[in-house]
Amino acid sequence: MRRLFLFFSVSLLVCSSCQFAPMSGESKPVITLWYWNRSLSDDVIAKAQEAFPDVTIDAQKIGGDEYKTKLHTALIAGRGPDIVAMNDWAYEYIAYAEEFVNLLDYGADQLEQEYLDWKWQAVQDPETGALIALPIDTGPTALYYRADLFEEAGLPTEPDEVHAQLQTWDDYIEAGIQMKEITGVHMFESITKPYLQVIEQQSDKYFAEDGTYIGDGEAIQYAWNTAVRIHEEGLSARLTEGQEVNAALNGGDVASRVGAVWESQILQDAAPDTAGKWRVTRAPGGDGNNGGSFIGVLDSSAHKDEAVAITKWLVSPDAQLDHFLDVNLFPSAIETLESELLREPDPFYGDQVVADVFVESAKNVPPTFYGEHYGKFRTIFNDEMVLIDRANKNPEKAWEDAQKKAQRELSRIDQ
(Lines give C-alpha, C1' and ligand atoms only; values in the text may rest on other atoms or scores of the structure.)
Protein backbone atom coordinates (compact mmCIF):
# COMPACT_ATOMS: atom_id res chain seq x y z
CA MET A 1 0.00 0.00 0.00
CA ARG A 2 1.37 3.38 -0.94
CA ARG A 3 1.33 5.78 1.97
CA LEU A 4 1.64 9.54 2.05
CA PHE A 5 4.77 9.44 4.20
CA LEU A 6 6.62 8.37 1.06
CA PHE A 7 6.76 11.98 0.01
CA PHE A 8 6.07 14.05 3.09
CA SER A 9 8.50 14.80 5.89
CA VAL A 10 8.41 12.62 8.98
CA SER A 11 8.44 15.84 10.98
CA LEU A 12 4.80 16.28 9.98
CA LEU A 13 3.71 13.14 11.77
CA VAL A 14 2.80 15.03 14.91
CA CYS A 15 -0.12 17.36 14.33
CA SER A 16 -0.27 19.41 17.48
CA SER A 17 -2.10 22.27 15.77
CA CYS A 18 -4.87 20.14 14.21
CA GLN A 19 -8.36 20.59 15.63
CA PHE A 20 -10.47 17.53 16.14
CA ALA A 21 -13.98 17.52 17.54
CA PRO A 22 -14.18 15.97 21.01
CA MET A 23 -16.30 12.86 21.28
CA SER A 24 -16.49 12.45 25.04
CA GLY A 25 -19.75 13.60 26.57
CA GLU A 26 -21.47 14.01 23.22
CA SER A 27 -24.96 12.59 22.96
CA LYS A 28 -24.79 12.69 19.17
CA PRO A 29 -22.03 11.75 16.73
CA VAL A 30 -19.84 14.71 15.82
CA ILE A 31 -19.03 14.98 12.12
CA THR A 32 -16.06 17.27 11.52
CA LEU A 33 -15.92 19.15 8.22
CA TRP A 34 -12.86 21.01 6.97
CA TYR A 35 -13.28 23.73 4.36
CA TRP A 36 -11.83 27.13 3.48
CA ASN A 37 -13.55 30.47 3.04
CA ARG A 38 -16.05 30.39 0.18
CA SER A 39 -15.27 26.79 -0.74
CA LEU A 40 -18.76 26.04 0.57
CA SER A 41 -21.62 28.32 1.52
CA ASP A 42 -21.89 28.82 5.26
CA ASP A 43 -25.65 29.06 4.84
CA VAL A 44 -25.72 25.68 3.09
CA ILE A 45 -23.69 24.13 5.90
CA ALA A 46 -26.21 25.53 8.40
CA LYS A 47 -29.02 23.99 6.35
CA ALA A 48 -27.16 20.67 6.38
CA GLN A 49 -27.19 20.73 10.15
CA GLU A 50 -30.96 21.19 10.05
CA ALA A 51 -31.25 18.32 7.57
CA PHE A 52 -29.23 16.00 9.84
CA PRO A 53 -30.47 16.70 13.37
CA ASP A 54 -29.16 13.39 14.72
CA VAL A 55 -25.53 14.47 14.34
CA THR A 56 -23.53 17.56 15.18
CA ILE A 57 -21.69 19.04 12.19
CA ASP A 58 -18.50 20.70 13.42
CA ALA A 59 -17.60 22.88 10.42
CA GLN A 60 -14.06 24.22 10.74
CA LYS A 61 -13.00 26.97 8.34
CA ILE A 62 -9.24 26.80 7.76
CA GLY A 63 -7.05 29.46 6.18
CA GLY A 64 -6.31 28.84 2.53
CA ASP A 65 -2.54 29.10 2.88
CA GLU A 66 -2.33 26.35 5.49
CA TYR A 67 -5.20 24.19 4.30
CA LYS A 68 -3.38 21.68 2.12
CA THR A 69 -0.46 21.28 4.56
CA LYS A 70 -2.88 20.65 7.39
CA LEU A 71 -4.68 18.03 5.32
CA HIS A 72 -1.35 16.36 4.50
CA THR A 73 -0.52 16.21 8.19
CA ALA A 74 -3.86 14.72 9.12
CA LEU A 75 -3.60 12.03 6.44
CA ILE A 76 -0.10 11.05 7.55
CA ALA A 77 -1.20 10.87 11.17
CA GLY A 78 -4.19 8.75 10.23
CA ARG A 79 -6.58 11.00 12.10
CA GLY A 80 -8.34 13.96 10.63
CA PRO A 81 -11.77 15.36 9.86
CA ASP A 82 -14.61 13.17 8.69
CA ILE A 83 -15.36 15.30 5.64
CA VAL A 84 -12.82 17.37 3.72
CA ALA A 85 -13.21 19.87 0.90
CA MET A 86 -10.45 19.80 -1.70
CA ASN A 87 -9.56 22.24 -4.42
CA ASP A 88 -8.71 21.19 -7.98
CA TRP A 89 -5.60 19.45 -6.60
CA ALA A 90 -7.86 16.63 -5.39
CA TYR A 91 -6.68 14.51 -8.34
CA GLU A 92 -3.27 14.28 -6.64
CA TYR A 93 -4.81 11.98 -4.04
CA ILE A 94 -6.04 9.34 -6.49
CA ALA A 95 -2.73 7.54 -5.98
CA TYR A 96 -3.55 7.41 -2.26
CA ALA A 97 -7.16 6.42 -2.59
CA GLU A 98 -6.88 4.13 0.46
CA GLU A 99 -6.85 7.27 2.61
CA PHE A 100 -10.39 8.08 1.45
CA VAL A 101 -13.73 6.33 1.48
CA ASN A 102 -14.56 4.86 -1.92
CA LEU A 103 -17.87 6.61 -2.38
CA LEU A 104 -19.01 3.98 -4.86
CA ASP A 105 -19.24 1.59 -1.89
CA TYR A 106 -21.88 3.94 -0.48
CA GLY A 107 -24.15 4.20 -3.49
CA ALA A 108 -22.52 7.14 -5.24
CA ASP A 109 -22.79 5.28 -8.54
CA GLN A 110 -26.50 6.06 -8.46
CA LEU A 111 -25.65 9.76 -8.56
CA GLU A 112 -23.14 9.76 -11.40
CA GLN A 113 -25.60 10.78 -14.10
CA GLU A 114 -26.48 13.91 -12.11
CA TYR A 115 -23.02 15.44 -12.64
CA LEU A 116 -20.79 16.48 -15.53
CA ASP A 117 -18.92 13.36 -16.63
CA TRP A 118 -15.47 14.96 -16.89
CA LYS A 119 -15.77 16.43 -13.41
CA TRP A 120 -16.80 13.10 -11.91
CA GLN A 121 -13.99 11.22 -13.64
CA ALA A 122 -11.32 13.69 -12.51
CA VAL A 123 -11.14 12.06 -9.05
CA GLN A 124 -11.83 8.47 -10.05
CA ASP A 125 -8.95 5.99 -10.02
CA PRO A 126 -8.53 4.83 -13.65
CA GLU A 127 -7.21 1.44 -12.47
CA THR A 128 -9.58 0.48 -9.65
CA GLY A 129 -12.52 2.76 -10.37
CA ALA A 130 -12.50 4.03 -6.78
CA LEU A 131 -14.13 7.44 -6.37
CA ILE A 132 -12.45 9.54 -3.68
CA ALA A 133 -14.68 12.64 -3.78
CA LEU A 134 -17.84 14.21 -5.17
CA PRO A 135 -17.92 17.36 -7.33
CA ILE A 136 -18.65 20.78 -5.89
CA ASP A 137 -18.02 23.56 -8.39
CA THR A 138 -16.37 23.88 -11.80
CA GLY A 139 -14.18 26.38 -13.65
CA PRO A 140 -15.29 26.31 -17.31
CA THR A 141 -13.36 28.74 -19.49
CA ALA A 142 -14.44 31.31 -22.06
CA LEU A 143 -13.15 34.35 -23.93
CA TYR A 144 -13.54 37.67 -22.11
CA TYR A 145 -13.12 40.57 -24.54
CA ARG A 146 -13.54 44.33 -24.78
CA ALA A 147 -16.31 44.90 -27.31
CA ASP A 148 -15.35 48.57 -27.79
CA LEU A 149 -11.74 47.71 -28.58
CA PHE A 150 -12.81 44.92 -30.91
CA GLU A 151 -15.01 47.42 -32.75
CA GLU A 152 -12.15 49.93 -32.99
CA ALA A 153 -9.93 47.20 -34.45
CA GLY A 154 -12.53 46.26 -37.07
CA LEU A 155 -13.35 42.96 -35.41
CA PRO A 156 -16.85 41.62 -34.70
CA THR A 157 -18.35 42.64 -31.37
CA GLU A 158 -21.37 40.41 -30.75
CA PRO A 159 -20.52 37.22 -28.82
CA ASP A 160 -21.87 34.82 -31.47
CA GLU A 161 -20.02 36.66 -34.23
CA VAL A 162 -16.78 36.76 -32.26
CA HIS A 163 -17.01 33.04 -31.60
CA ALA A 164 -17.71 32.34 -35.27
CA GLN A 165 -14.61 34.26 -36.37
CA LEU A 166 -12.26 33.15 -33.59
CA GLN A 167 -12.70 29.39 -33.80
CA THR A 168 -9.05 28.49 -33.34
CA TRP A 169 -6.03 29.90 -31.55
CA ASP A 170 -4.57 30.79 -34.96
CA ASP A 171 -7.73 32.83 -35.64
CA TYR A 172 -7.34 34.47 -32.24
CA ILE A 173 -3.70 35.32 -32.89
CA GLU A 174 -4.55 36.81 -36.29
CA ALA A 175 -7.17 38.98 -34.58
CA GLY A 176 -4.50 39.97 -32.08
CA ILE A 177 -2.22 41.10 -34.91
CA GLN A 178 -5.06 43.19 -36.32
CA MET A 179 -5.79 44.63 -32.87
CA LYS A 180 -2.15 45.63 -32.34
CA GLU A 181 -1.73 47.16 -35.79
CA ILE A 182 -4.88 49.30 -35.62
CA THR A 183 -5.21 50.21 -31.94
CA GLY A 184 -1.79 49.51 -30.43
CA VAL A 185 -3.52 47.43 -27.74
CA HIS A 186 -2.21 43.99 -26.78
CA MET A 187 -4.66 41.13 -27.16
CA PHE A 188 -2.91 39.08 -24.42
CA GLU A 189 -1.67 40.08 -20.99
CA SER A 190 1.05 37.39 -21.01
CA ILE A 191 1.89 34.12 -22.72
CA THR A 192 1.67 32.00 -19.57
CA LYS A 193 -2.08 32.41 -19.40
CA PRO A 194 -2.73 31.26 -22.99
CA TYR A 195 -0.30 28.37 -22.47
CA LEU A 196 -2.26 27.14 -19.47
CA GLN A 197 -5.63 27.59 -21.15
CA VAL A 198 -4.62 25.67 -24.28
CA ILE A 199 -3.53 22.79 -22.05
CA GLU A 200 -6.81 22.88 -20.16
CA GLN A 201 -8.72 22.52 -23.45
CA GLN A 202 -7.05 19.19 -24.22
CA SER A 203 -7.49 15.69 -22.85
CA ASP A 204 -3.76 14.96 -22.81
CA LYS A 205 -1.54 16.78 -20.38
CA TYR A 206 1.77 15.76 -18.79
CA PHE A 207 0.96 12.13 -17.94
CA ALA A 208 -1.04 9.29 -19.43
CA GLU A 209 -3.35 7.23 -17.23
CA ASP A 210 -0.72 4.50 -16.91
CA GLY A 211 1.76 7.04 -15.51
CA THR A 212 3.76 7.45 -18.71
CA TYR A 213 5.27 10.91 -19.15
CA ILE A 214 3.85 12.64 -22.24
CA GLY A 215 5.00 16.20 -21.52
CA ASP A 216 7.16 16.05 -24.63
CA GLY A 217 4.23 14.97 -26.77
CA GLU A 218 1.88 16.63 -29.22
CA ALA A 219 -0.54 18.20 -26.73
CA ILE A 220 2.05 20.08 -24.69
CA GLN A 221 4.04 20.98 -27.80
CA TYR A 222 0.92 22.53 -29.34
CA ALA A 223 0.23 24.63 -26.25
CA TRP A 224 3.89 25.65 -26.08
CA ASN A 225 4.09 26.61 -29.76
CA THR A 226 0.87 28.59 -29.53
CA ALA A 227 2.19 30.65 -26.64
CA VAL A 228 5.56 31.12 -28.34
CA ARG A 229 3.86 32.45 -31.48
CA ILE A 230 1.99 35.02 -29.37
CA HIS A 231 5.38 36.09 -27.99
CA GLU A 232 7.07 36.25 -31.36
CA GLU A 233 4.24 38.30 -32.86
CA GLY A 234 4.62 40.83 -30.03
CA LEU A 235 1.03 40.37 -28.88
CA SER A 236 1.76 39.86 -25.19
CA ALA A 237 1.77 42.82 -22.79
CA ARG A 238 4.28 40.74 -20.77
CA LEU A 239 2.55 41.34 -17.47
CA THR A 240 2.69 39.40 -14.24
CA GLU A 241 -0.29 38.72 -12.01
CA GLY A 242 -1.51 41.31 -9.54
CA GLN A 243 -1.72 45.08 -9.68
CA GLU A 244 0.19 45.25 -12.96
CA VAL A 245 -2.47 43.20 -14.73
CA ASN A 246 -5.32 45.01 -12.98
CA ALA A 247 -4.02 48.39 -14.12
CA ALA A 248 -3.71 47.19 -17.71
CA LEU A 249 -7.21 45.74 -17.75
CA ASN A 250 -8.70 48.85 -16.19
CA GLY A 251 -6.71 51.15 -18.45
CA GLY A 252 -7.64 49.45 -21.71
CA ASP A 253 -4.13 48.17 -22.43
CA VAL A 254 -5.28 44.55 -22.80
CA ALA A 255 -8.23 43.64 -25.02
CA SER A 256 -9.06 40.09 -23.93
CA ARG A 257 -8.26 37.02 -21.92
CA VAL A 258 -9.33 33.38 -21.93
CA GLY A 259 -10.21 32.59 -18.36
CA ALA A 260 -12.41 30.58 -16.02
CA VAL A 261 -15.88 31.50 -14.84
CA TRP A 262 -14.56 32.46 -11.40
CA GLU A 263 -12.46 35.18 -13.09
CA SER A 264 -15.63 37.10 -13.91
CA GLN A 265 -15.79 38.76 -10.51
CA ILE A 266 -12.01 39.21 -10.42
CA LEU A 267 -12.22 41.13 -13.71
CA GLN A 268 -15.00 43.32 -12.37
CA ASP A 269 -12.97 44.12 -9.26
CA ALA A 270 -9.80 44.74 -11.30
CA ALA A 271 -11.33 46.96 -13.98
CA PRO A 272 -14.28 48.89 -12.53
CA ASP A 273 -13.82 51.75 -14.99
CA THR A 274 -14.57 49.43 -17.91
CA ALA A 275 -18.03 48.34 -16.75
CA GLY A 276 -20.36 47.65 -19.66
CA LYS A 277 -17.55 47.28 -22.19
CA TRP A 278 -16.76 43.59 -21.73
CA ARG A 279 -18.47 40.60 -23.31
CA VAL A 280 -18.02 36.82 -23.03
CA THR A 281 -18.09 34.10 -25.67
CA ARG A 282 -16.90 30.54 -26.18
CA ALA A 283 -13.11 30.30 -26.17
CA PRO A 284 -11.02 29.86 -29.32
CA GLY A 285 -9.68 26.34 -29.54
CA GLY A 286 -12.48 24.67 -27.58
CA ASP A 287 -13.86 24.44 -24.09
CA GLY A 288 -11.68 23.87 -21.06
CA ASN A 289 -11.74 23.94 -17.30
CA ASN A 290 -9.51 25.69 -14.82
CA GLY A 291 -10.29 25.18 -11.15
CA GLY A 292 -13.26 23.87 -9.23
CA SER A 293 -13.40 21.82 -6.06
CA PHE A 294 -14.45 18.49 -4.55
CA ILE A 295 -15.49 17.03 -1.21
CA GLY A 296 -14.67 13.60 0.19
CA VAL A 297 -14.76 11.46 3.32
CA LEU A 298 -11.59 10.22 4.99
CA ASP A 299 -11.17 6.52 5.64
CA SER A 300 -10.18 7.37 9.22
CA SER A 301 -13.71 8.62 9.94
CA ALA A 302 -15.50 6.77 12.73
CA HIS A 303 -18.85 7.79 11.25
CA LYS A 304 -18.59 6.98 7.58
CA ASP A 305 -22.30 6.41 6.93
CA GLU A 306 -23.29 9.76 8.37
CA ALA A 307 -20.35 11.57 6.77
CA VAL A 308 -21.14 10.19 3.31
CA ALA A 309 -24.82 11.10 3.64
CA ILE A 310 -23.91 14.68 4.56
CA THR A 311 -21.38 14.88 1.73
CA LYS A 312 -23.98 13.78 -0.80
CA TRP A 313 -26.40 16.37 0.55
CA LEU A 314 -23.83 19.18 0.36
CA VAL A 315 -23.35 18.64 -3.38
CA SER A 316 -26.94 17.86 -4.31
CA PRO A 317 -28.48 19.97 -7.10
CA ASP A 318 -30.48 22.06 -4.64
CA ALA A 319 -27.44 22.66 -2.45
CA GLN A 320 -25.32 23.56 -5.48
CA LEU A 321 -27.86 26.20 -6.47
CA ASP A 322 -27.57 27.72 -3.00
CA HIS A 323 -23.76 27.56 -3.23
CA PHE A 324 -23.96 29.50 -6.48
CA LEU A 325 -26.40 32.12 -5.23
CA ASP A 326 -24.45 32.68 -2.00
CA VAL A 327 -20.77 32.39 -2.93
CA ASN A 328 -20.87 32.10 -6.74
CA LEU A 329 -19.67 28.48 -7.00
CA PHE A 330 -20.43 27.48 -10.59
CA PRO A 331 -22.32 24.17 -10.49
CA SER A 332 -21.22 20.69 -11.49
CA ALA A 333 -24.74 19.24 -11.15
CA ILE A 334 -26.48 19.14 -14.53
CA GLU A 335 -29.89 20.01 -13.10
CA THR A 336 -28.45 23.09 -11.41
CA LEU A 337 -26.78 24.24 -14.61
CA GLU A 338 -30.23 24.39 -16.19
CA SER A 339 -31.69 26.64 -13.48
CA GLU A 340 -33.04 29.99 -14.61
CA LEU A 341 -31.65 31.50 -11.41
CA LEU A 342 -28.18 31.33 -12.98
CA ARG A 343 -29.32 33.41 -15.90
CA GLU A 344 -29.35 36.98 -14.67
CA PRO A 345 -28.18 39.74 -17.04
CA ASP A 346 -24.87 41.21 -15.89
CA PRO A 347 -24.45 45.00 -16.30
CA PHE A 348 -20.65 44.73 -16.29
CA TYR A 349 -20.93 42.62 -19.44
CA GLY A 350 -23.42 44.88 -21.21
CA ASP A 351 -26.37 43.03 -19.64
CA GLN A 352 -25.26 39.83 -21.31
CA VAL A 353 -26.40 36.58 -19.66
CA VAL A 354 -22.87 35.27 -19.34
CA ALA A 355 -23.95 32.07 -17.56
CA ASP A 356 -25.27 30.78 -20.89
CA VAL A 357 -21.72 30.81 -22.26
CA PHE A 358 -20.19 29.08 -19.27
CA VAL A 359 -22.93 26.44 -19.10
CA GLU A 360 -22.24 25.42 -22.69
CA SER A 361 -18.52 25.40 -21.99
CA ALA A 362 -18.99 23.26 -18.88
CA LYS A 363 -21.01 20.72 -20.83
CA ASN A 364 -18.27 20.32 -23.43
CA VAL A 365 -15.05 20.12 -21.42
CA PRO A 366 -13.10 17.02 -22.55
CA PRO A 367 -12.42 14.33 -19.93
CA THR A 368 -8.80 14.44 -18.87
CA PHE A 369 -6.22 12.82 -16.62
CA TYR A 370 -4.00 14.96 -14.39
CA GLY A 371 -2.11 12.55 -12.16
CA GLU A 372 -0.53 13.24 -8.79
CA HIS A 373 2.47 15.11 -10.29
CA TYR A 374 0.61 17.48 -12.60
CA GLY A 375 1.21 20.53 -10.42
CA LYS A 376 4.98 20.06 -10.31
CA PHE A 377 5.30 19.68 -14.06
CA ARG A 378 2.98 22.57 -14.79
CA THR A 379 5.29 24.74 -12.69
CA ILE A 380 8.39 23.52 -14.53
CA PHE A 381 7.00 24.50 -17.92
CA ASN A 382 5.34 27.67 -16.68
CA ASP A 383 8.62 28.93 -15.21
CA GLU A 384 10.34 28.55 -18.56
CA MET A 385 7.41 30.25 -20.28
CA VAL A 386 7.81 33.21 -17.93
CA LEU A 387 11.47 33.50 -18.95
CA ILE A 388 10.47 33.65 -22.61
CA ASP A 389 7.83 36.29 -21.94
CA ARG A 390 9.72 38.46 -19.49
CA ALA A 391 13.38 37.92 -20.36
CA ASN A 392 13.25 36.98 -24.06
CA LYS A 393 14.77 33.58 -23.41
CA ASN A 394 15.20 31.61 -26.61
CA PRO A 395 12.06 29.44 -26.92
CA GLU A 396 13.97 26.40 -28.18
CA LYS A 397 16.38 26.67 -25.26
CA ALA A 398 13.48 27.10 -22.86
CA TRP A 399 11.79 23.95 -24.22
CA GLU A 400 15.03 22.03 -23.93
CA ASP A 401 15.53 23.20 -20.34
CA ALA A 402 11.95 22.36 -19.43
CA GLN A 403 12.42 18.81 -20.69
CA LYS A 404 15.71 18.46 -18.79
CA LYS A 405 14.04 19.61 -15.57
CA ALA A 406 11.15 17.26 -16.25
CA GLN A 407 13.52 14.32 -16.65
CA ARG A 408 15.25 15.17 -13.37
CA GLU A 409 11.92 15.29 -11.62
CA LEU A 410 10.93 11.97 -13.19
CA SER A 411 14.16 10.44 -11.88
CA ARG A 412 13.29 11.54 -8.34
CA ILE A 413 9.75 10.20 -8.68
CA ASP A 414 11.02 6.81 -9.86
CA GLN A 415 13.43 6.39 -6.94
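Q: Which residue is the bridge partner of leucine 33 in E2?
A: In this predicted model, leucine 33 has alanine 59 of E2 as its bridge partner.

Q: And what stands opposite leucine 33 in E3?
A: In E3, isoleucine 83 stands opposite leucine 33.

Q: How do E1 and E2 pair, and over how many bridges?
A: The pairing of E1 with E2 is parallel and runs over 6 bridges, and E1 also pairs in the parallel sense with E3, there over 2 bridges.

Q: What is the strand order of the sheet?
A: The order is E2-E1-E3-E8-E4, with 5 strands forming an open sheet whose pairing is mixed.

Q: Which strands stand at the edges?
A: Strand E2 (56-61) and strand E4 (134-135) are the edge strands, and because each has a single partner strand, one side of each is left without a neighbour in the sheet.

Q: Back to E1, how many of its residues are buried?
A: E1 is mostly covered, with 6 of its 6 residues buried, and this holds on both faces, since Val30, Thr32 and Trp34 are buried on one side while Ile31, Leu33 and Tyr35 are buried on the other.

Q: What is the handedness of the crossover from E1 to E2?
A: The chain passes from E1 through H1 to E2 in a β-α-β crossover that is right-handed. Helix H1 (residues 42-51) lies across E1 and E2, and runs at about 165° to E2.

Q: Where is leucine 40 in all this?
A: Leucine 40 is found in the loop between E1 and H1.

Q: Buried or exposed?
A: Leucine 40 counts as buried because its relative accessible area is 1%, where the cut-off for burial is under 20%.

Q: What does leucine 40 touch?
A: Not counting residues up to four places away in sequence, leucine 40 touches Leu33 and Tyr35, and also Ile45, Ile136, Ile295, His323, Val327 and Leu329.

Q: Switching to H2, how many residues has it, and how far does it reach?
A: Helix H2 (residues 64-77) has 14 residues and reaches 21 Å from its first C-alpha to its last, which is close to the 20 Å expected at 1.5 Å a residue.

Q: Which of the H2 residues are buried, and what do they pack against?
A: The buried residues of H2 are Tyr67, Lys70, Leu71, His72, Thr73, Ala74, Leu75 and Ile76, and the buried residues of this helix pack against strand E1 (30-35) and strand E3 (83-86).

Q: What follows H2?
A: After H2 comes glycine 78, whose phi is positive, near 75°.

Q: Which residues does proline 317 touch?
A: Leaving out residues up to four places away in sequence, proline 317 touches Glu114, Ala333, Glu335 and Thr336.

Q: Last topic, which residues have the most contacts inside the largest nonpolar core?
A: Those are Tyr195 and Phe381, in a core of 102 residues. Tyrosine 195 is in contact with Phe381, and with Tyr206, Ile220, Ala223, Trp224, Ala227 and Met385, leaving aside its neighbours within four places in sequence.

Q: What does the second, separate core include?
A: The second core has 28 residues, including Val245, Val280, Tyr349 and Phe358.

How values were computed:
Residues are numbered from 1 along each chain as its sequence is written. This is a predicted model: local features need pLDDT of at least 70, side-chain atom pairs count only at pLDDT 80 or more; totals for chains, interfaces and linings use all residues. Side-chain values use heavy atoms; hydrogens and water are left out. Helices (H or I, at least four residues) and strands (E, at least two) are DSSP runs, numbered from the N terminus. The expected span of a helix is 1.5 Å times one less than its number of residues. Buried means under 20% relative accessible area, exposed over 50%, partly exposed in between (1.4 Å probe, protein chains only). Contact means heavy atoms within 4.5 Å. A nonpolar core is a set of buried Ala, Val, Leu, Ile, Met, Phe, Trp, Tyr and Cys residues joined through side-chain atoms within 4.5 Å. Two strands pair if DSSP finds at least two bridges between them. Axes are lines fitted to C-alpha atoms, for helices over the stretch in contact, and angles run from 0 to 180 degrees between N-to-C directions. A crossover is right-handed if, with the strands pointing away from the viewer, the path from the first strand over the helix to the second runs clockwise.
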